[in-house]
Each structure stands twice: as structure tokens, then as C-alpha cells.
Amino acid sequence: MTVCEAPGKVYLFGEHAVVYGEPAVPAAIERRAAVTAEPRADDHVRVEAEDLSLDGFTVEYSGGTDDRPDVDVPTPLVEAAMGYVDAAVRQARDAADAPDAGFDITVESDIPLGAGLGSSAAVVVAGIDAATRALGAPLDRRELADRAYRAEHDVQEGQASRADTFCSTMGGAVRVEGDDCEPVAAPNLPFVVGFDGGAGDTGKLVAGVGELREEYGFAADTIESVGDVVRTGEALLADAVPEGEPSPELLAELGELMDFNHGLLAALGVSARSLDSMVWAARDAGAHGAKLTGAGGGGCIVALDASDATETALSFTQGCEEAFRAELATEGVRVVE
Ligand code: MEV
């Protein structure tokens with residue numbers, strides 16, 4: 001039996017624009033998905049997931065998604081999560097050259113599903129790592145990240161950047177620009193996350209930005225401006241002391257850029273009333289800056305603040321279902337057992 005766990009992430013800067021080749025800087029947070037993989041004697045895949053739905057569920061099938069019985073999968077989000085488990089199994093079988101390998105898989109996660117915190121990437125990364133290790137064919141991190149990207153790419157029908165999967169694999173902050181992915185040295189940034197209990201439809205939101213970009217030249221300029229925000233933020237991080245405590249000046253400047261980034265995302269039509277309310281509540285409580293994170297439309301915001309005031313203010317904000325501190329996860333995917 002092999003257990004691997006991989007972190008979720010927030011976008012410090014750059015979601016959506018990354019789809020158009022601009023750089024993005026996601027940062028891993030200490031909320032993890034754990035996947036257990038136990039090889040079986042037959043080619044069946046049995047998936048047990050307690051934390052992905054209120055009641056938990058177990059499903060067993062042979063082959064891939066097409067052979068999975070459409071029972072016991074309680075919600076569309078959980079159905080989507082199952083798609084990622086299938087894709088992880090396909091990648092692990094391919095990587096280990098074991099097309100008929102069967103597994104008992106357990107998924108446990110404390111990352112809200114589909115809310116912009118990289119839950120699917122964490123499941124895919126931990127799943128491929130656990131399954132390949134269980135088959136005695138562990139992957140190096142670059143290949144793991146690449147295979148996890150390909151799994152997301154398949155499930156999302158081509159609409160995926162490498163950002164989530166690379167960040168979840170490597171941990172810490174990373175920089176992604178097209179196919180170029182590199183870890184970025186970063187201080188211990190103090191994040192607070194606000195979650196509205198919902199989830200945006202990534203595909204629709206990405207398509208909506210694409211339509212605006214086609215229709216208006218200034219939407220294309222807005223996307224480029226997001227890239228400029230990212231480049232400015234990167235330069236600030238490059239000057240900071242890595243792994244140390246961030247200076248008040250750095251926090252103020254990064255926060256201002258996060259505010260700017262949120263405004264540009266709102267202009268691109270991907271914010272929501274709940275997200276704007278949480279962003280303003282965080283700023284009013286004294287956060288250095290706040291923005292939506294991920295595809296938007298609903299889900300999560302991320303604020304930069306070490307004080308409890310932001311977390312408390314968010315928990316009293318209408319539309320906020322959960323608020324929590326989220327430390328930077330310096331370690332990416334790891335083997336637990
Ligand atoms: C979704 O978490 C982030 C987007 O930029 C899409 C992607 O990068 O795949 C909206």
C-alpha cells in the first residue's frame with residue numbers, strides 16, 4: 001500500500017492570462033489530497049472516497065471511465081473528481097507499462113472541490129505518484145508533473161495550463177509561462193482563504209474570457225496587463241529573502257498588485273458578488289491585498305495577511321461559508337506511507 005499526499009494552491013497572480021501565454025505565479029498551500037493505492041490481482045479499479053461528498057462512496061469497475069457504473073457518485077463535482085482519478089490511473093498504467101494493473105484507491109481531501117484551490121490537480125498528482133510507486137515504478141518530479149498535466153488536459157478537453165499540477169508536485173511558489181515551469185524562491189507568505197461554498201465552471205469561464213478577447217481589443221490588453229502585474233510581482237519576490245519572513249514593504253507591494261490583479265479579473269467578467277464581498281471584507285479588515293483565485297465565478301478568494309482579523313471578518317461576511325489561514329506548503333507531493 002502506498003499513500004501520497006499533494007497540496008492545493010492559490011494563485012498569487014496570473015490565472016486566466018496564463019491560458020494566453022502570460023506568466024502566472026501559483027503558490028502551494030497546506031491543504032492536501034491524500035491518495036492510497038494498493039495493487040490488485042485483477043484489472044479492476046475500486047475507488048473509495050469519504051471526503052469528496054457528504055456520505056462518501058465506493059465504486060468498483062474494470063477498465064476506464066467508460067466501464068464505470070453510473071451509481072454511487074453523488075454529485076457532478078464528485079463525478080468530475082472521479083474523472084481525474086480515472087485519468088491518474090491511465091497515466092500510472094502507461095508510465096509503469098502495466099496496462100492491466102488494477103488498484104484499490106482511497107481518496108481523502110481537505111481541499112474544497114472545484115473552488116479554485118487546485119483540488120483536481122492535487123488528486124491527480126497524488127494519485128499518479130501513489131499508483132506508480134505501488135507498481136514499483138516511481139517517477140521523478142518533472143515527469144510526474146508532466147503526466148499530471150496530461151491527465152488534467154484529457155479530462156478538461158484541452159483547457160488546462162501546467163500551473164496547478166506543477167505547483168502541486170513541486171510545492172512552494174512556482175512560475176509558469178506556457179510549457180516553461182520553474183520553482184520560484186518565496187518568503188513565508190501569510191495567506192487567508194475565503195470560500196463561498198460554491199464553484200465556478202472553469203470551462204465556461206475560460207471560454208467567456210476568450211470571447212471577450214475576440215470581441216474587444218481592450219480585453220486582450222487587459223490580459224496583457226495581468227501579465228505585467230505578474231512580472232512586477234515576480235521581480236518583488238526575486239528581491240525578497242527566500243524562506244524568511246516577508247518584510248512589511250514586500251507585503252504592502254504584493255498586496256497592492258493582488259488588488260490590481262483582482263480588478264483586471266473582474267473586468268474580464270470572472271468575479272462574482274460573493275467573491276467581491278469577500279475581497280472587500282478582507283481589505284476592510286486590514287489585509288494587504290485580496291483577489292479571487294482560480295477560474296472565479298464562485299469559489300475562493302485569497303488575501304495576504306498574517307492577522308486573525310481577516311479570517312474573523314471573512315467568517316462574518318455574507319456569502320462566505322468558510323475562512324481559514326493557509327500556510328505556504330514548501331513541500332510538494334510527498335509519500336506518507
Ligand atoms: C483555473 O484554476 C486557472 C485558469 O487559468 C485555467 C488554467 O490555467 O488551466 C482559469
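A: The shell around the ligand consists of 6 nonpolar, 5 polar and 2 charged residues, where Ala, Val, Leu, Ile, Met, Phe, Trp, Tyr, Cys and Pro count as nonpolar, Asp, Glu, Lys and Arg as charged, and the others, Gly among them, as polar. The model is predicted: local features need pLDDT of at least 70 and side-chain atom pairs pLDDT 80 or more, while totals for chains, interfaces and linings use all residues. Residues are numbered from 1 along each chain as its sequence is written.

Of the 13 residues around the ligand, the nearest are E15, A160, S161, G294 and A295; a residue is near if its C-beta atom, placed from the backbone, lies within 6 Å. Two or more shell residues come from each of α4 (163–170) and α5 (202–215); helices (H or I, at least four residues) and strands (E, at least two) are DSSP runs, numbered from the N terminus. Because domain 1 (2–184) and domain 2 (191–326) both contribute to the shell, the ligand lies between them; the domain bounds come from an automatic or database assignment.

An open antiparallel sheet has the strand order β9-β10-β8-β11, strands being paired if DSSP finds at least two bridges between them. β9 (289–292) and β11 (322–326) are the edge strands, each with a single partner, so one side of each has no neighbour in the sheet. β9 pairs with β10 (residues 300–304) over 4 bridges, and A290 stands opposite A303 in β10. Helix α7 (residues 248–267) packs on the sheet, touching β9 and β10, its direction making about 30 degrees with that of β9. Contact requires C-beta atoms, placed from the backbone, within 7 Å; axes are lines fitted to C-alpha atoms, for helices over the stretch in contact, with angles from 0 to 180 degrees between N-to-C directions. Helix α9 (residues 308–315) lies across β8 (191–195), β10 and β11, at about 160 degrees to β11.

Notes. Two residues are in contact if their C-beta atoms, placed from the backbone, lie within 7 Å.
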